[in-house]
Amino acid sequence: MLDWTDRHCRYFHRQLSRGARLYTEMVTTGALLHGDQARHLDFDPAEHPVALQLGGSEPSDLAACARLAQRWGYAEVNLNCGCPSPRVQRGAFGACLMGEAALVRDCVAAMRDAVGDALPVTVKHRIGIDRIEDYGFMRDFVGTVAEGGCRLFIVHARNAWLDGLSPKDNREVPPLRYELVYQLKREFPSLGIVLNGGVRDDAAVREHLARVDGVMVGREAYQRPWWLASWDREHLGAAEGGPRSPEQVEAAMRAYCERMAQLGVPPFAVVRHMLGLWKGASGARLWRQALSEPRHRRLPADELFSIASQARLAA
Ligand SMILES: Cc1cc2nc3c(=O)[nH]c(=O)nc-3n(C[C@H](O)[C@H](O)[C@H](O)COP(=O)(O)O)c2cc1C
């Protein structure tokens, strides 16, 4: 998620779940091929498994970027066919690619040719674009793209309205239609189908996992990260696992902040992703306020975390 799931966020989430697959923000092929590759692609080995999400629509550029993903050691490379932002539409990629199934097939085929079986090439898309409500539109899109060698599809279970809705509204206003995603799995049993959109608790995860192969959680994971601490046990088949307490996660993140500080990364660049860690617990608001207080931005991590803990415990 843009501006959210950067490497610091992923390192934090990895402290909460060993097994969940984490995704980068969308990175455009232009940014990778003409920009600072290390800045976009470097990550800590502890974040694994991580998928790189690409935005683009030019097969040869995507192939070059898939090679970079392989060289950097990513576990998966994913093509964004779900982002509705006007900027992305002007670049002719993201959700508008759902209207160009043959091109997406060619993009996937070029990426697959570039990386072979070294890492899977996957696609994230919507159930439709604009007012196309017909299931057949998505079915034909998936059928065509599968011909290019994509075996795993992540489906955000609502349409993207390309005209007239902001990206934020496009994550809330078009209705969720999970039944279409279930139908997709029934129709393509040999493809991996991952459902995304509006999943906020364990009961919903279980309900979807009975019908599809996986669930992707976006906003709720970011805003209520402690939920991730139970995923390995609850949903990913681990006998045990997950941190015992938010304090344990805080300690790991304090050490990480100290390591990052030596590379010139200010603690707030890391802790801004952690503000929901204590959500629902007593003192959560004071802890969050202490971490985000502008006066505290220059403090070293150990002091910052101590002030936040004291504020929380005083509540
Ligand atoms: C701040 C923000 C940034 C996002 N950036 C991306 C992105 O870069 N790529 C992408 O595929 N989806 C992106 N999304 C959409 C989410 O991945 C997800 O599909 C959507 O929020 C629905 O899932 P949820 O209800 O679990 O959040 C973003 C969502 C948010 C809130």
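This is a predicted model: local features need pLDDT of at least 70, side-chain atom pairs count only at pLDDT 80 or more; totals for chains, interfaces and linings use all residues.

Biologist: What makes the radius of gyration of the chain agree with that of a compact globule?

Modeller: A compact globule of 315 residues would have a radius of gyration near 20 Å, and the chain has 20 Å, so the two agree. Along its principal axes, the C-alpha trace spans about 60 × 45 × 45 Å. The chain holds 15 helices and 7 strands, and buried residues account for 40% of its 315 residues.

Biologist: Which residues are the closest to the ligand?

Modeller: Met1, Leu2, Met26, Gly218 and Arg219 are the closest, in a shell of 21 residues. Strand E1 (22-28) and helix H10 (219-223) each give at least two residues to that shell. By kind, the shell has 7 nonpolar, 8 polar and 6 charged residues.

Biologist: How is the chain divided into domains?

Modeller: Domain 1 covers 7-234 and domain 2 covers 246-313. Their centres, taken over C-alpha atoms, are 30 Å apart. Across the boundary, 10 residues of domain 1 are in contact with 12 residues of domain 2. On the domain 1 side, helix H1 (residues 7-16) gives the most, with 6 residues. That side is made up of 6 nonpolar, 3 polar and 1 charged residue.

Biologist: Why does aspartate 130 count as partly exposed?

Modeller: Aspartate 130 has 17 C-beta neighbours inside 10 Å. That falls between 12 and 20, so the label is partly exposed. Aspartate 130 sits in the loop between strand E4 (121-126) and helix H7 (135-147), and has a positive phi of about 50° although it is not a glycine. Aspartate 3, in the segment before H1, also has a positive phi, of about 70°. With 8 other C-beta atoms within 10 Å, aspartate 3 is exposed.

Biologist: How do you know that the buried residues of H14 line one face of the helix?

Modeller: The buried residues of helix H14 (residues 284-292) are Trp287, Arg288, Ala290 and Leu291. Looking down the axis of H14, they fall within an arc of 160°, so they line one face. These buried residues pack against helix H13 (267-271) and helix H15 (301-313).

Biologist: One last thing: where is the cis peptide bond, and what is its omega?

Modeller: The cis bond joins histidine 48 and proline 49, with omega about -5°. Proline 49 lies in the loop between helix H3 (37-41) and strand E2 (50-55).

Conventions. Residues are numbered from 1 along each chain as its sequence is written. A residue is near a molecule or strand if its C-beta atom, placed from the backbone, lies within 6 Å of it. Helices (H or I, at least four residues) and strands (E, at least two) are DSSP runs, numbered from the N terminus. Ala, Val, Leu, Ile, Met, Phe, Trp, Tyr, Cys and Pro count as nonpolar, Asp, Glu, Lys and Arg as charged, and the others, Gly among them, as polar. Domain bounds come from an automatic or database domain assignment. Two residues are in contact if their C-beta atoms, placed from the backbone, lie within 7 Å. The arc is that of the directions from the helix axis to the C-beta atoms. The radius of gyration is taken over C-alpha atoms; the globule rule is 2.2 Å times the number of residues to the power 0.38.
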